Amino acid sequence: MNVLLVILGILLLTAVPYLLGCSNGAILVSKFILRDDIRKHGSGNAGLTNFYRTFGGKLTFLVILSDVLKAVFALLLGMLGAYLLRKTGIEAITTVRAKYIAGLCCELGHMFPVMFGFKGGKGVLSGGTIAIMIDWRVALVVWGSFLILAVSTKYVSLGSVSTGILFPIMTWILFRDWLCLVCALIIGGLIVFQHRGNIVRLIHGEESKFSFHRKGDS
C-alpha cells in the first residue's frame, strides 16, 4: 500500500501538474472554438497578449480563466501528493516545497506542452497564479512590479521579465529553502528566457507597446 501511495503522491506532485499545464488556454480556445491556431498569428506565441492582439477581447476571459484554474488545481493536487508522501514517511516534501515543485511542473507544461509540439506560452499568467498560491507576499511583489512597469511603460514584456527576476529573490527572502529556490530560479529563468526576443526588441527600441485596441496580426 505504501508503494502505491508513493507512486500516486509522485504523480500528483509532478506528472499531473505538468499535464494540467499543457492545457494552454490560448491554444485550446483558438483551435477548438475559433478553429484557428494562435501560434500562426502575430508573434507566434501561445500567450494571453498575442491572443488578445490577434482575436480581440471577447474570448480572452476564457484564456485567462483556463490558465488561472489550471495553475490553482496543479498546486492543490501537488499539495495532496505531498500529503500522501508524508503519510508514507517521506517528510522532506513539505507543503511549501510541494507548491514550488508542482508550480514548476505546471509551468513546464504551459511553456512546453507535449500535445502541442512543445510550443506553448511564456508562463506569466500561470506563473502569477502560482505566486498567489505560494504566498501573498511573493504575489504582492511580483504582481506589483508587473503592473507598475506594464502600466507606466506599456511594455507588457518588461513587466513580465521583472516577475521572472523577482520571483526567486522573494522566494529566498521568505523561505530560505534551497529546493524552493532551485524551483523558483528555474521558473523565473524560463520566464525570462521565453521573453528573449522581447528583450532584444526592447534594447533596440522595436518592442510593441500594449494597447486595448486589437492590432490583428501585426
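Predicted model: local features only at pLDDT ≥ 70, side-chain atom pairs only at ≥ 80, totals over all residues.
Helix α6 spans residues 124-134 and is mostly covered, with 9 of its 11 residues buried. The buried set consists of Val-124, Leu-125, Ser-126, Gly-127, Gly-128, Thr-129, Ile-130, Ala-131 and Ile-134.

## Salt bridges

The whole structure contains 5 salt bridges. One of them joins Arg-97 to Asp-177, with the closest N and O atoms 2.9 Å apart. This pair links distant parts of the chain: Arg-97 belongs to helix α5, Asp-177 lies in the loop between α8 and α9, and 80 residues separate the two. Arg-97 is partly exposed, at a relative accessible area of 22%, whereas Asp-177 counts as buried at 16% relative accessibility.

Another salt bridge is formed by the side chains of Asp-135 and Arg-137, with an N to O distance of 2.9 Å. Asp-135 counts as buried, with 12% relative accessibility, while Arg-137 is partly exposed at 35%. Glu-207 and Arg-201 also form a salt bridge, and their closest N and O atoms are 2.9 Å apart. Here Glu-207 is buried, at 12% relative accessibility, and Arg-201 is partly exposed, with a relative accessible area of 31%.

## A nonpolar surface patch

A nonpolar patch on the surface is made up of Phe-32, Ile-33, Leu-34, Phe-61, Leu-62, Leu-65, Leu-69, Phe-73 and Leu-76. Together these residues have about 820 Å² of accessible area. Helix α4 supplies the largest share of the patch, namely 6 residues.

Ile-33, one of the patch residues, is placed in the loop between α2 (25-32) and α3. Its relative accessibility of 46% makes Ile-33 partly exposed.

A search of the whole structure finds 0 disulfides. For Cys-105, the closest cysteine sulfur is that of Cys-183, and the 7.9 Å between the two sulfur atoms is too far for a bond. Cys-106 is likewise in no disulfide: the nearest cysteine sulfur belongs to Cys-105 and is 8.8 Å away. The cut-off for a disulfide is a pair of cysteine sulfur atoms within 2.5 Å.

Cys-105 is located in helix α5 and counts as buried, at 14% relative accessibility. Cys-106 is also buried, with a relative accessibility of 0%. Leaving aside residues up to four places away in sequence, Cys-105 touches Leu-13, Thr-14, Pro-17 and Tyr-18. The C-alpha atom of Cys-105 is separated by 10.0 Å from that of Ala-71, a residue 34 positions away along the chain.

## Thr-171 in helix α8

Thr-171 is situated in helix α8 and is buried, with a relative accessible area of 0%. The side chain of Thr-171 reaches the backbone oxygen of Phe-167 at a distance of 2.9 Å.

When residues up to four places away in sequence are not counted, Thr-171 touches Tyr-100, Arg-176, Cys-180, Leu-181 and Ala-184.

## Leu-5 in helix α1

Leu-5 occurs in helix α1, which covers residues 2-22. With 22% relative accessibility, Leu-5 counts as partly exposed. Apart from neighbours within four places in sequence, Leu-5 is in contact with Leu-84 and Thr-88.

Leu-5 can also be placed relative to Arg-97: the two residues are 92 positions apart along the chain, and their C-alpha atoms are separated by 18 Å. Arg-97 is the residue that forms the salt bridge with Asp-177 described above.

Methods. Residues numbered from 1 in each chain as written. Heavy atoms only, no water. Buried < 20%, exposed > 50% of the residue type's maximum accessible area, 1.4 Å probe, protein only. Helix = DSSP H or I, 4+ residues; strand = E, 2+ residues; numbered from the N terminus. Salt bridge = Lys/Arg side-chain N within 4 Å of Asp/Glu carboxyl O. Patch = residues over 30% accessible without salt bridge, like charges linked within 9 Å, V, L, I, M, F, W, Y side chains within 5 Å. Areas by Shrake-Rupley, 256 points an atom, 1.4 Å probe, with all protein chains shown as cover. Polar contact = N/O pair within 3.5 Å; in protein donor to acceptor, adjacent residues only side chain to side chain. Contact = heavy atoms within 4.5 Å.
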